[in-house]
Structures are given as structure tokens and as C-alpha cells.
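Subject: Structure for you, plus notes on its pockets

Hi,

Here is the structure I promised to send over. Have a look, and then read on for what turned up when I went through its pockets.

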Amino acid sequence: MEFWFTEKQTKDFGITMRVKQTYHSEKTEFQQLDMVETAEFGNMLLLDGMVMTTERDEFVYHEMVAHVPLYTHPNPRHVLVVGGGDGGVIREILKHPEVEKATLVDIDGKVIEYSKKYLPTIAGKLEDPRVEVKVDDGFMHIAESENAYDVIMVDSTEPVGPAVNLFTKGFYEGISKALKEDGLFVAQTDNPWFHQDVIRKAFKDVKETFPVTRLYTANIPTYPSGLWTFTMGSKKYDPLETPEERFGNIDTKYYTPEIHRGAFLLPKFVKDLTE
Ligand code: SAM
């Protein structure tokens with residue numbers, strides 16, 4: 001008897017994977033949490049039936065959320081991650097020696113607990129001395145922060161449930177306030193095949209809030225459509241102007257200085273969403 005998991009990415013299209021075993025299933029205070037082992041992608045975290053991260057392809061997303069902004073900023077010392085309870089973005093942030101403190105604010109402590117237990121290669125750095133983990137609503141944390149961070153990364157779920165507020169212009173305005181005068185942020189902004197509306201609205205809202213706004217992409221096989229976008233808002237620094245000498249020689253599997261530049265080259269149907 002074989003067991004298969006299907007994530008319906010639209011009402012008429014989905015991705016399906018053979019599941020070898022289920023480690024944990026729980027309705028937390030905020031969402032349905034499932035941790036399973038898949039035959040193709042290893043251990044996988046699902047929230048409300050949506051693929052959050054898998055052992056095999058997680059490096060693409062986590063490297064692209066972290067290294068593009070951290071190499072765009074010339075001296076990122078204080079970094080904030082909103083969401084990111086699986087720990088992957090924190091692991092990548094810590095590869096930058098200039099980062100003195102990385103704060104993670106995830107609304108659901110169960111994500112952190114079960115990621116540590118079943119995704120050790122992803123969540124293994126959450127107890128690093130440079131890391132502070134808070135279980136709280138990222139929207140409230142941002143509202144209470146001012147002139148505090150050099151770089152902010154919004155590694156949230158889709159704009160449903162507890163993450164709805166994290167895709168509003170008010171949130172981006174709050175991020176601007178929480179950032180230092182030359183700060184910048186990146187948010188994951190879904191895919192251009194099934195959620196063009198999310199990208200179009202996020203880019204417009206960020207562009208009305210920040211002087212520099214850029215969209216970049218990456219290939220993530222287990223995310224809806226396989227093509228993922230990230231929106232950057234910056235008060236001063238442009239990711240396309242990162243000087244060659246800024247790039248370090250950190251250990252990565254997807255990110256390179258060439259990918260840093262190339263990720264901002266958009267297919268026409270994606271570029272159209274930014275105009
Ligand atoms: N990489 C994934 C993606 O692009 O969909 C996101 C992974 S990460 C596990 C998403 C996290 O966002 C979850 O742990 C969830 O608990 C958290 N989250 C959702 N809404 C939040 C909020 N308002 N404040 C803080 N964390 C939130």
C-alpha cells in the first residue's frame with residue numbers, strides 16, 4: 001500500500017509526493033502542522049496543507065532570502081526574521097561574520113519545536129549565541145520596533161491565516177519604521193503563475209514605501225509552480241549595485257554573486273507585474 005500527499009496549488013492543479021511516514025500531526029493554536037518523510041525530498045514540514053520546507057530543496061529558498069539582502073547591505077549587524085520558525089534563514093544569516101545579532105519572531109512555537117526535532121539540518125542553528133528566538137506575532141513586533149534593524153526578512157506563510165497582516169502596506173510601513181535609516185528588507189512574495197495578484201500588490205505597496213524596490217526569483221521545485229519571487233524594499237542600497245568586493249566566500253549550494261545579479265533578470269510576464 002502506497003501513501004501519497006497532494007498539495008492543491010490551485011483548485012485544479014497540484015503537486016503530489018509519495019510519503020514514507022508521518023512523524024507528527026497537530027492542530028496548533030494557529031495552523032495544522034504536519035511533519036512527514038517523503039521518498040523524493042526527505043523530511044518535509046507542512047502548514048495548513050502547504051509545503052513549507054523540505055530537506056532536499058530548502059537551501060534554495062533560505063540562501064536567496066538571506067544572502068541577497070545581506071550582501072546588498074554593506075554592514076548588516078542586527079537582523080530580524082519574521083516567521084522562519086524552521087530555522088533555515090537563521091542558519092544562512094549566521095554565515096555572515098559581521099552579523100552580531102539575529103532575532104527570529106515566529107507566532108507558532110510548535111513550528112520551532114518540531115523543526116528542531118525532525119529538521120536538524122535546517123533548524124540546527126536556532127540555539128546559536130547570536131540568535132534570539134521569540135514566539136510572537138511578527139506584525140506586533142514590527143509595530144513595537146523603531147530604528148532597530150539593518151536588515152529584515154519576512155519568511156512567512158502565504159497571505160492566509162496568521163500571515164494575512166504580513167502582506168499589507170501598513171506592515172511594510174511598519175518595517176520601514178523598524179529599520180535603521182539605511183536599512184532594507186526582503187519578503188517572500190509567492191509565485192507568478194498562480195498568485196500574480198500577491199506579487200503585483202506587494203510590489204506596489206513596497207514601491208510606495210521605499211525608494212529602492214526590486215523583485216527577484218529562484219527555482220524551488222516543491223513550491224507552487226516551482227518559480228518563486230522575493231520583493232526587496234531598501235532605504236538606500238540597490239542590490240544591483242553591490243560592489244564585487246562585497247561578496248564573501250561563504251558556503252552555499254545555490255547563491256553565487258552571478259545568481260545575485262541574475263535573479264533580478266525577470267521573464268517578461270513577471271516583469272509586467274512590477275509595472
Ligand atoms: N518558506 C516558507 C514559505 O515561503 O511559505 C515559510 C516557512 S516558515 C515555516 C513560515 C512561518 O511563518 C511559520 O512558522 C508560521 O508560524 C509563521 N508565521 C505566520 N504568520 C506569522 C505572524 N503573523 N508572525 C510571525 N510568524 C508568522
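One term before the list: a residue counts as lining a pocket if it has an atom within 4 Å of one of the pocket's grid points. Keep in mind that this is a predicted model.

Let me begin with the second largest pocket, which has a volume of about 160 Å³. Its lining is made up of Glu7, Lys8, Gln9, Met50, Glu158, Pro159, Val160, Asp190, His195, Val198 and Pro224. Strand E1 (residues 3-10) is the top contributor there, with 3 residues. Sorted by class, that lining comes to 5 nonpolar, 2 polar and 4 charged residues.

So where does this pocket sit relative to the domains? Domain 1 (3-53) and domain 2 (58-238 + 253-274) both supply lining residues, so the second largest pocket lies between them.

Now the largest pocket, at about 260 Å³. It is lined by 16 residues, and those closest to its centre are Phe203, Thr213, Arg214, Leu215 and Thr274. Two elements give two or more residues to this lining: helix H7 (196-207) and strand E11 (212-219). Strand E11 gives the most, with 4 residues. By class, the lining of the largest pocket has 9 nonpolar, 5 charged and 2 polar residues.

Cheers

Notes
Residues are numbered from 1 along each chain as its sequence is written. This is a predicted model: local features need pLDDT of at least 70, side-chain atom pairs count only at pLDDT 80 or more; totals for chains, interfaces and linings use all residues. Side-chain values use heavy atoms; hydrogens and water are left out. On a 1 Å grid over the protein atoms alone, a cavity is a set of points where a 1.4 Å probe fits but cannot get out, and a pocket is an open set with protein on both sides within 12 Å along at least five of seven lines; lining residues have an atom within 4 Å of a point. Grid points are joined across faces, edges and corners, and a volume is the space filled by probe spheres set on the points. Ala, Val, Leu, Ile, Met, Phe, Trp, Tyr, Cys and Pro count as nonpolar, Asp, Glu, Lys and Arg as charged, and the others, Gly among them, as polar. Domain bounds come from an automatic or database domain assignment.
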